[in-house]
Amino acid sequence: MSFDESRQKNVNSPPYVAVYESFVNKNTIGQWEEEASALELKAGYVGIDNASDKLVRKASIAWINSKRHKNLYKSISDVVLPLIDAEMIYFRVDIFRTLEIQYTTYYEGDFYARHSDLVIGPDREKGPQRQRKLSVVIMLSDPKDYSGGELVVGRQTVPNNAGTTCLFLPFASHEVKPVTRGIRKTLVVWAIGPEWR
């Protein structure tokens, strides 16, 4: 399936969101989930100071590092980077060829209140910083395995089929509704680029 055939776009209401339904095939999803499930999960935090605020976010996360998890990182990058390249005509942001990748698990009662992914402002003493330029969410779980947990970007609810992939700018307001049954797993990927101008 081509990018254009699988892509749904939201052009009627901001923010701009690109959604590719069932974009990643089941075998790849299974491989990613098997490798990621072996990672040690920790409580998800809020903001750049790694604060834990259970009124804003309750989820478990693990970071997928390009050095410690080389094969998994490369496999995810090989799928995500061409998709990002295809979307650059719409998003028009400067990025490097590096990604931040987070494996996120939501158990019953877990959620993430409305927020943005943008890290605000550089540290002037350290000079320009690498910053998140594009957010990508890949659904890993079969929707039969959980209830609730809807990803809402702006006013758009993103389909939750396994393999569905959603792209949006990191300053777009979004949330994950509370999971009411089962376990919801995703990969959250950020394309990194130079400081916002």
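Predicted model: local features only at pLDDT ≥ 70, side-chain atom pairs only at ≥ 80, totals over all residues.
Residues are numbered from 1 along each chain as its sequence is written, and side-chain values use heavy atoms, with hydrogens and water left out.

**The whole chain**
- You'll find 3 helices and 15 strands in the protein chain (DSSP runs numbered from the N terminus: helices are H or I with at least four residues, strands are E with at least two).
- Of the 197 residues in the protein chain, 47% are buried (under 20% relative accessible area with a 1.4 Å probe, protein chains only; exposed is over 50%, and partly exposed is in between).
- Take the contacts in the protein chain with a separation of 6 or more: 76% of them join residues 24 or more positions apart (contact means heavy atoms within 4.5 Å).

**Helix α2**
- Helix α2 runs over residues 26–36, and its buried residues are Thr28, Ile29, Trp32 and Ala36.
- Those four cover an arc of only 100° around the axis, so they sit on the same side of α2 (the arc is that of the directions from the helix axis to the C-beta atoms).
- Among the elements covering these buried residues are α3 (70–91), β6 (99–106), β8 (131–139) and β15 (184–193).

**An open sheet**
- Five strands form an open sheet in the order β4-β7-β13-β10-β11, with antiparallel pairing (two strands pair if DSSP finds at least two bridges between them).
- β4 (57–58) and β11 (156–157) are at the edges with a single partner strand each, so one side of each has no neighbour in the sheet.
- β4 pairs with β7 (residues 111–115) in the antiparallel sense over 2 bridges, and Arg57 has Tyr112 in β7 as its bridge partner.

**Gly193**
- Gly193 lies in strand β15 and is buried, with a relative accessible area of 0%.
- Gly193 and Ile95 are 98 residues apart in sequence, yet 3.9 Å apart in space, C-alpha to C-alpha.
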